[in-house]
Amino acid sequence: MLESVQILGSPAFGDDTGRIGPLKPVTILFGANGSGKTTLSRAIADSTRYGGTTFTWAPGTAATIKVYNRDYVDDTLQQAENLPGVFTLGKASAEIQAEIAALSGPSGSITRTKTLLATQRGTLQGMRDQIADARDLLKEAAWRARADVPDELKAMFVGFNNNKERLLNQLLSTAAAHQISAETLDALSLEAAVLDDDAVTRDALPTHAAAPLEQLAGFDLLGTPVVGSADVRIAPLIDKLQNADWVEHGRVYLHESDAVCPFCQQSTPDDLVALLDGYFDTRYVEQVRSLQQFRAMVMSWAESWKTYLDAVAAHPSASDHLDPRFSTARERLLREIDNLTSTVDRKLVGPSAALSIATPEAAQDAVHGLVTEANSVIHQFNDRLRDRARLRTNLLERAWAAFARITLISPTAQYEASMPPLLQAQASLQGAIKRTEQTIQENEARLRELQGQVTSSKPIIERINGLLAAAGFHSFRLEESSLVNDGYTIRRANGEVASETLSEGERTFITFLYFTQSLEGTPRADTELDDLVVVIDDPISSLDSDVLYAVSTLVRRVMANIAVPTGRVRQVILLTHNAHFHKEVAYESRPGRAGLRVYGVVRKHFQRPSDIELTDTNPVRTAYAALWDEAKRAADDPYTSVISLQNILRRIIETYFKVLGDVDTDAITAKFGGAEQVICRALFSWINAGSHSIFDDLHFSPSGATVEMYLDVFERIFQEQDQHGHYRMMMRIEVDGTKRAAADVA
């Protein structure tokens, strides 16, 4: 079945408005002459005619499109002497005829197989509904579960948030590729921050390459007593007293004491200065100088470590990547550095002391280890950023796996458990349907072969001639062609070929009868599909009212055959400009069958393309019903200004009582008195003046009170003529609790 039609480049619709859809099995379009109905039918008949017409078919359906319009009439009657047959029926040998009957009869194999095919397709549709229900359950569960996904992973739904079906397909694809997931969405959300589009690479923490402390010159003097020469006479005393450092510090005062000991105030020996200078010889001075240089290096070494530790703590990457243990390691190293510098200072104060010192290697290694660990994390972080696109794809794939196998573990498992038997049964039924279709094709091919052996137009000629006679066409009839086997000839009663003398109405009717017959029977051409989409454009043009009813009956019969499994017509698109014909065709004896019909109006606009508006309710009313609608509106709200009410009521009375005939207007008027009699006479003024224009009311502006009076007189006229039932029906007045509807009779 066609779901929609898009016309491009047509003169009536252009490229923007030429879309009809969604279509239903019966689509009835109403439009005035010149609105574009014929353009529409021509575009459907020839999809390339106006630059491109595209059809959207319902899944799994295909059909041949057959169009009845003005072009069909002209093409069909071009050669009246050898009009080709619609379909073939014939009389031949008993064996061939029996086989044809066995194939195409009411209980023949084609009919039975088509009935079987319809049953199989119905079962298949039920199975597809079950599959769709299972998909819907999982789809809705997945749609709801999106809210539970961490915000850091919501990017996984980009492109799926506005399409539930696409979301489901992605979920099923993921579930098929990942049977399990060991990662939760919460765990994966921690990785997502690294892949944030705003994230930037991080600088590594600085490293410190200071030489080991023991490699500094003078380090070995810390454990070595620095003393004077042992060759001096006073050396044994200094060594015994272990006061070399004290003597060294006091020596500076000796040079300023005028040969008096600065401590005991006794006169010093003349050679004391020389003895002390000999004791504190060049070696001693060099060692003390080495210690001083060593201290300077140690202080520089300690300052470099302090500067480095501060730089690491203040580095931008430290807060995110440096282990909190670094603070403890830093404080430990600083303490050991302070202890070291204090020891060096003590050595310089007392060079003769042999000091034991513990180097801060363990504390240094702890700091280096934490910085190295942090830089490794930063390096990995930067590598992930540089490979962000691939990693994001990988992360989202893992997130989908966790979504399918952990977040939706129960709905997914339920779907996977129920689907295999359904799909297996569907595949089996599809195979059976394919075999049934193949059987139908083989039987129809055999039928065409048999019909090719026995061709006769007589049965169809008799059927069309019977329809012509029933509709009152007696001036011409169909005959078997003498020139073309299985062809038709249209002749007048005097034997004249009628193709050149047919009136427009006769041409329209005969070709429409011919068209309706082409919708029955087996397809004659191998390229013609069994199912048909039928487009009918204004089949009652130039026909009188009697034929209108015959044509509308045929159209309604075509529509009714849509529901017949063995029939060929699957869809009808009807276009007309005649409101009465539209009403006859659109009338539904069982209007409760909703969803099978759609109505449309083709509207022509000034200096812009026509457009088509579809609705589920019939928008077309007859003029008579429209007049009653205005009368009811005035009755419901008398104070609504209805300038033309007088003329509306007059036209209703004229139309209805013309049907009754022999209306004694004077007798009716005499039953009223005063102002009511004046109103009654005005309503019957059509007899004398016959005015039906709003200009009669230019001097009349009714108030609410006058409207009620007119309506009261209007109703009493129907009562006086024993037609009050018609009045109640058209005004949709409830009687005994039942609301009457005027639409069925208007």
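Apart from its neighbours within four places in sequence, D323 is in contact (heavy atoms within 4.5 Å) with L370 and E373. The model is a predicted one, in which local features need pLDDT of at least 70 and side-chain atom pairs count only at pLDDT 80 or more, while totals for chains, interfaces and linings use all residues. Residues are numbered from 1 along each chain as its sequence is written, and side-chain values use heavy atoms, with hydrogens and water left out.

D323 is placed in the loop between α11 (318-321) and α12 (325-349); helices (H or I, at least four residues) and strands (E, at least two) are DSSP runs, numbered from the N terminus. With a relative accessible area of 22%, D323 is partly exposed, given that buried means under 20% relative accessible area, exposed over 50%, and partly exposed in between (1.4 Å probe, protein chains only). A distance of 8.4 Å separates the C-alpha atoms of D323 and V371, which are 48 residues apart along the chain. The side chain of D323 also reaches the backbone nitrogen of R325 at 2.8 Å.

For the protein as a whole, 25 helices and 12 strands are found. Of its 746 residues, 45% count as buried. Among contacts with a separation of 6 or more, 75% come from residues 24 or more positions apart. Helix α1 (residues 37-45) is mostly covered, with 8 of its 9 residues buried. These are K37, T38, T39, L40, S41, R42, A43 and I44.

Helix packing was examined next. Two packed helices are described by the angle between their axes and the distance between the axes. Axes are lines fitted to C-alpha atoms, for helices over the stretch in contact, and angles run from 0 to 180 degrees between N-to-C directions. Helix α5 (residues 164-177) and helix α14 (residues 388-407) have axes that come within 9 Å and cross at roughly 90°. Helix α5 is therefore roughly perpendicular to α14; angles under 35 degrees count as roughly parallel, over 145 as roughly antiparallel, 65 to 115 as roughly perpendicular and the rest as oblique. On the α5 side the contact is made by L167, Q170, L171, T174 and A175, and on the α14 side by W400, A401, F403, A404 and R405. By class, the residues of this contact comprise 7 nonpolar, 2 polar and 1 charged, where Ala, Val, Leu, Ile, Met, Phe, Trp, Tyr, Cys and Pro count as nonpolar, Asp, Glu, Lys and Arg as charged, and the others, Gly among them, as polar.

Helix α5 also packs against helix α4 (residues 109-145), at an angle of about 95° and with the axes 9 Å apart. This makes α4 roughly perpendicular to α5. From α4, R135, L138, K139, E140, A142 and W143 meet K164, E165, L167, L168, N169, L171 and L172 of α5. The contact of α4 with α5 has 7 nonpolar, 1 polar and 5 charged residues. R135, K139 and E165 are also linked with D136 in a network of salt bridges, a salt bridge being a side-chain nitrogen of Lys or Arg within 4 Å of a carboxyl oxygen of Asp or Glu.

The structure holds 23 salt bridges. One of these joins R398 to E183, with the closest N and O atoms 2.7 Å apart. This pair links distant parts of the chain, with R398 in helix α14 and E183 in the loop between α5 and α6 (185-192), 215 residues apart. E183 counts as partly exposed at 29% relative accessibility.

A salt bridge is likewise formed by R570 and D531, whose closest N and O atoms are 3.5 Å apart. Here too distant parts of the chain are linked: R570 lies in strand β10 (residues 569-576) and D531 in the loop between α17 (504-517) and β9 (532-537), 39 residues apart. R570 is partly exposed, with a relative accessible area of 24%, whereas D531 counts as buried at 18% relative accessibility.

In the salt bridge between K154 and D151, the closest N and O atoms are 3.2 Å apart. K154 counts as partly exposed at 31% relative accessibility, and D151 counts as exposed at 63%.

H724 lies in helix α25 (residues 724-730) and is buried, with a relative accessible area of 18%. Not counting residues up to four places away in sequence, H724 touches E715, F718 and Q719. The side chain of H724 makes a polar contact with the side chain of R728 (2.7 Å); a polar contact is a pair of N or O atoms within 3.5 Å, where within protein one must be able to donate a hydrogen and the other to accept it, and residues adjacent in sequence count only if both atoms are side-chain atoms.
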